[in-house]
Amino acid sequence: MQRDNLVFDLIRKELERQRHGIELIASENFTSLQVMQAMGSVMTNKYAEGYPGRRYYGGCEIVDQTEQLAIDRLKQVFKLEYANVQPHSGAQANAAVALACLQPGDPILGLDLSMGGHLTHGSAVNYSGKLYTPHFYGVVRETGLVDYEMLEQKARAEKPKLIICGASAYSRDWDYARIRKVADEVGALVMADIAHPAGLIAKGLLSDPFDHCHIVTSTTHKTLRGPRGGIIMIRKDFENPWGHKDPKGNIRMMSSLIDLAVFPGIQGGPLEHVIAAKAVAFGEILSDDFTAYAKQVVENAQAMAKAFREKEYNIISNGTDNHLLLIDLRNKNISGKKAEQVLVQADITANKNMVPFDDKSAFVTSGIRVGVPAITSRGMKAEHMQFVVNAIDNVLMNADDANVVGAVRKQVNEFMTQFALYPELG
Ligand code: PLP
């Protein structure tokens, strides 16, 4: 077969784009070469509906081993009794938990999308807001911190079956114990979606949700630095509270309901090439190198916050505990949309983001979200954050001056040559 130059030329161009630019999208990262090699492997050819040791297809002896490795390593990372590594993405992980725990129409309670929550936490345009009855808590206007009083009031008033904590654009730690307390009071299960900070939680740099939340989901491609995908985890497995029984008449454990919800509930064949890559990534997370990486992420985020504050940028909650910052640009007279567009012209990638109590639409927004997981993987340290912030500030303050933006782009490209990315790829 002829090589598909069209596609491979584009892949090459994407590599060059990644090499030249400053990647600040908080949900992105650069996996190791061996993670990518596992993903681009013959494992993609194998159908393996079911779970290791109990598949619906023959020839699964090898993928059983890679999947089991992924499960065992993930259990070791977070000290778990149960892990499911099959969800194709974070959204799929959340959908499977919803299918396992909820009936159509059941009330759920999550952080409002416009306050930093995720689509799958009850948004009207998502299955979670269409199939279930969503209620939301927000953040406190003055502090930008999660409004736990509002969460408690809503929980008592609406009696949700599932309380979801975790966020896509929230720079502070969570009080999981407080959420569990009110959940127990109203008879709700708690799901923590740690898609964003999972890598920092893995290394003990943020509060541990596992002892307080019944079920924890995550993506694998953000701070965990693995392939794109999802996972579902339980530290202490428990009997399902609804009395669902298996064919032998035994009450099913929650883990068994989740396995059934992933397959055959919402997915068919697992992506065994991605699962092999997850196994590689989880092995990397267990290493001391990853401990150093996670610490550097937090250090870089705090150094970046300081540099932004010195230039009078308004950071929601005035700082960060994790890997990201949410910046309100209203005092800088530029919208999130414009900021995103002009930064791209300087080879700096960040995303526009609504800020709490935003007066602009989700398409325009008043803010940008910036994260350091990817630039930390490139090798940047705290001392490099000043360059990044200077470059951003220069672009945003001269957004209509193509000469300035072009000059910053040159500086950015030159600066990035010191941080090699996949040198093995030539
Ligand atoms: N949950 C949270 C908190 C997220 O931020 C995201 C993605 O950004 C997801 C779930 C969904 O993950 P995916 O894009 O892999 O479906």
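Residues are numbered from 1 along each chain as its sequence is written. Because the model is predicted, local features need pLDDT of at least 70, and side-chain atom pairs count only at pLDDT 80 or more, while totals for chains, interfaces and linings use all residues.

Helices (H or I, at least four residues) and strands (E, at least two) are DSSP runs, numbered from the N terminus. Strands of a sheet pair through backbone hydrogen bonds, either parallel or antiparallel. Here two strands pair if DSSP finds at least two bridges between them.

An open sheet of 7 strands has mixed pairing and the order β4-β10-β9-β8-β7-β5-β6. Its edge strands are β4 (82-84) and β6 (133-137), each of which pairs on one side only. From one strand to the next, the twist averages 20 degrees. Axes are lines fitted to C-alpha atoms, for helices over the stretch in contact, and angles run from 0 to 180 degrees between N-to-C directions. Helix α9 also holds proline 264, and the peptide bond from phenylalanine 263 to proline 264 is cis, with omega near 10 degrees.

Next comes strand β15. A residue is buried if 20 or more other C-beta atoms lie within 10 Å of its own, exposed if 12 or fewer, and partly exposed in between, with C-beta atoms placed from the backbone. In strand β15 (residues 367-371), 5 of the 5 residues are buried, so the strand is largely enclosed by the rest of the structure. Gly367, Arg369 and Gly371 point one way from β15, and Ile368 and Val370 point the other way. Strand β12 (residues 324-328) runs antiparallel to β15 and is joined to it by 5 bridges. Strand β14 (residues 351-353) is also antiparallel to β15, with 3 bridges. Glycine 367 of β15 is the bridge partner of aspartate 328 and of asparagine 353.

The loop between β14 and β15 contains alanine 362 and phenylalanine 363. Alanine 362 has 13 C-beta neighbours inside 10 Å and therefore counts as partly exposed. Phenylalanine 363 has 10, so it counts as exposed. An unreviewed UniProt entry annotates both as "binding site", along with Leu113, Gly117, His118, Leu119 and Ser361. Such annotations may be inferred rather than shown by experiment; feature names are shortened, and positions are given in the numbering used here.

The model also has a ligand with 15 residues around it, of which Ser89, Gly90, Ala91, Ser168 and Ala195 come nearest. A residue is near a molecule or strand if its C-beta atom, placed from the backbone, lies within 6 Å of it. Helix α4 (residues 90-101) gives the largest share of this shell, 3 residues. The shell divides into 3 nonpolar, 11 polar and 1 charged. Ala, Val, Leu, Ile, Met, Phe, Trp, Tyr, Cys and Pro count as nonpolar, Asp, Glu, Lys and Arg as charged, and the others, Gly among them, as polar.
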